[in-house]
Amino acid sequence: MISSVKKSRIFLSPPHLSGNEAKYMQEAIETNWIAPLGPNVDAFEKELADYVGVSGAVAVSSGTAAIHLALSLLEVGKGDTVFCSSLTFVASANPILYQGAEPVFIDSEPDTWNMSPKALERALRDAKLQGRLPKAVIVVNLYGQSAKMDEIVSFCNEYEVPIIEDAAESLGATYKGIPSGTLGKFGVFSFNGNKIITTSGGGMLVSNDLEALNRARFLATQARDFAPHYQHSTMGYNYRMSNVLAGIGRGQLEVLEERVQARRSVFSKYQVELGHLPGIYFMPELKDSKSNRWLTALTIDEKEAGVSVKEILDLMTNENIEARPVWKPLHLQPLFRGMKYYSHHETYSVSDQLFESGICLPSGSNLTNEELIRIVDCIKSLNLGCEKVQQYG
Ligand SMILES: *Cc1c(COP(=O)(O)O)cnc(C)c1O
């Protein structure tokens, strides 16, 4: 394809401001609350907790920090294991290493692309037999789709292992009517620049255990003992969110519903435009659950399509469109070489397959129709399912 003029860049998942962020930030500036903590932080915590229907929330500097605090609260340490979804961003599991513990990775199942209850059950049974049950299970809701939480919660209850729900990608989604991020002992959200709403960088830890959340606040502010002088008896972190950034978060939370609608609508449009093409399969949505469709993800059956994932991604790059493969499973990452892994089928790994065949398309809530058509035309130009035609140029 010959194109001399460079087309404007289409991003995978850019920030999308509402206009009210500036108002809250301005308040912070006018009242001189340019500090970590302050009225915006308190209000953002309360507003988010109310939105998802939990007792409390702690605003922190990142989703990763929130996962780390959750592990810390569960007293995960050296010699412990933590189970974690394999098909996810590395941030889900890095905090396990921060605590000196060992991750055990669990495969996905095909209906949600999330943690396989079957693999989880096998892993729990083995762990019990070895007298080494995990200290926690980190369940990820990939691309905004909830995992099969009924099954997962039931196994974890049976073995009395607490769940940390990594809802970094699924704020605004629901599972059987229940807000994503509230189905475990702790829930984690991220407000990184690429997430469905953003504070440029930030995160939130939520729970119904207010005592634990108070402990999280304590740990996140350098674990300062109650004393006029600076006294410390525990190791802490500097993990709290700034009052300025919480202002952005308040402005963003006001439009979260609209953002979910917009992302779902982007997904539907792709489905209408591409769903009939041979070899294209969109990420499913579990019955009775509502994904926020943070990213539109699909798989390519290369035999049916006659086109490879790499060909599609290369063409997109060439057209200045940011598309990505699906997350590389953590059990395949050099960082985690040698860590235990439980696949969905004893002989077949679902997440490996999703990684090899999956693509994420630009999915911003501010993606225009023109941009969407540019992306769709780009894919259609590959003539999926047709005999290869010689391309010149
Ligand atoms: C983004 C993300 C995180 C980490 O959030 P940060 O705010 O970037 O630290 C954790 N888990 C998943 C699944 C994510 O997508």
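Q: What should I know about the model before I start?

A: It's predicted, so local features need pLDDT of at least 70 and side-chain atom pairs count only at pLDDT 80 or more, while totals for chains, interfaces and linings use all residues. Residues are numbered from 1 along each chain as its sequence is written, and side-chain values use heavy atoms, with hydrogens and water left out.

Q: Where are the polar side-chain atoms of Ser190 and its like relative to the ligand?

A: Look for polar contacts, pairs of N or O atoms within 3.5 Å. Ser190 has a polar side-chain atom 2.7 Å from a ligand oxygen. For Lys195, a side-chain N or O atom is 3.3 Å from an oxygen of the ligand. Ser92 puts a polar side-chain atom 3.5 Å from a ligand nitrogen.

Q: How do I read helix packing, say for H1 and H8?

A: Two packed helices are described by the angle between their axes and the distance between the axes. Helix H1 (residues 21-30) packs with helix H8 (residues 243-253) at about 150°, axes 7 Å apart. That makes the two roughly antiparallel, a word for angles over 145 degrees. The crossing of H1 and H8 is right-handed.

Q: What about H11 and H13?

A: The axes of H11 (residues 309-318) and H13 (residues 369-380) come within 10 Å and cross at roughly 135°, so this pair is oblique. Their crossing is right-handed.

Definitions and conventions. A polar contact is a pair of N or O atoms within 3.5 Å; within protein, one must be able to donate a hydrogen and the other to accept it, and residues adjacent in sequence count only if both atoms are side-chain atoms. Axes are lines fitted to C-alpha atoms, for helices over the stretch in contact, and angles run from 0 to 180 degrees between N-to-C directions. Helices (H or I, at least four residues) and strands (E, at least two) are DSSP runs, numbered from the N terminus. Angles under 35 degrees count as roughly parallel, over 145 as roughly antiparallel, 65 to 115 as roughly perpendicular and the rest as oblique. A crossing is left-handed if the near helix is turned anticlockwise from the far one by less than a right angle, and right-handed if clockwise.
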